[in-house]
Amino acid sequence: MTGERVLLIDDEPAMHKLIKVILENEGFQLVGPEEHGKAKKEIKGRRPDLIILDIMMPEVDGFEILERLKEDQETSRIPVIVLTVRNLKEDMQRAKSLGADLYMTKPFEPTDLLDAVRMVLDSVQSA
């Protein structure tokens with residue numbers, strides 16, 4: 001499995017760089033801007049195969065972005081992994097109810113992230 005396009009929506013430059021290195025070393029292609037404000041345009045323009053979404057961001061939270069993605073017919077079928085420092089059960093339940101495919105917390109092991117990305121992509125491809 002190589003070449004799948006992953007859009008990362010995270011406002012932390014260091015986290016963005018880390019995830020980029022992890023994914024690109026395994027053959028995934030990171031697409032889109034680091035700024036979450038441009039994410040919707042990138043999603044519709046580049047059609048990522050997967051979105052990795054942080055919840056805690058300064059201008060708009062990830063729950064709102066997730067809700068908008070799942071309400072829009074053009075983006076509703078793109079799988080989403082929520083990757084955040086928030087580990088409250090309510091947050092996990094909210095993300096799932098809004099349509100997240102998987103909820104992961106930071107810090108994380110690179111192998112766990114790769115396993116999650118592969119698992120979500122495999123489940124979508126086999127559906």
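## Close-up views of a predicted model

**View 1. The whole chain and its order of elements.** The protein exposes about 7,000 Å², of which carbon and sulfur atoms supply 48% (Shrake-Rupley method, 1.4 Å probe). This is a predicted model, in which local features need pLDDT of at least 70 and side-chain atom pairs count only at pLDDT 80 or more, while totals for chains, interfaces and linings use all residues. Residues are numbered from 1 along each chain as its sequence is written, and side-chain values use heavy atoms, with hydrogens and water left out. The protein has five helices and five strands, running β-α-β-α-β-α-β-α-β-α from the N terminus on; helices (H or I, at least four residues) and strands (E, at least two) are DSSP runs numbered from the N terminus. Of the 127 residues in the protein, 45% are buried (under 20% relative accessible area, with exposed over 50% and partly exposed in between; 1.4 Å probe, protein chains only). Among the contacts (heavy atoms within 4.5 Å) with a separation of 6 or more, 64% join residues 24 or more positions apart.

**View 2. The largest nonpolar core.** This core has 21 residues, of which I19, L23, I52, I81, L113 and V117 touch the most other members; a nonpolar core is a set of buried Ala, Val, Leu, Ile, Met, Phe, Trp, Tyr and Cys residues joined through side-chain atoms within 4.5 Å. Two or more residues each come from β1 (5–9), α1 (13–25), β3 (50–53), β4 (80–84), β5 (102–105) and α5 (110–125), and α5 gives the most, with six residues. Apart from this core lies another, of 19 residues, among them V31, L53, V80 and V82.

**View 3. The surroundings of I81.** Not counting residues up to four places away in sequence, I81 touches L50, I51, I52, L53, L102, M104, A116, V117 and V120.

**View 4. The crossing of α1 and α5.** The axes of these two helices come within 10 Å and cross at roughly 60 degrees (lines fitted to C-alpha atoms over the stretch in contact, with angles from 0 to 180 degrees between N-to-C directions). The crossing of α1 and α5 is right-handed, the near helix being turned clockwise from the far one by less than a right angle. I19, I22 and L23 of α1 meet P110, L113, L114 and V117 of α5.

**View 5. P110 in helix α5.** P110 lies in helix α5 and counts as partly exposed because its relative accessibility is 35%. Between P110 and I19 the C-alpha to C-alpha distance is 8.2 Å, although the two are 91 residues apart in sequence.
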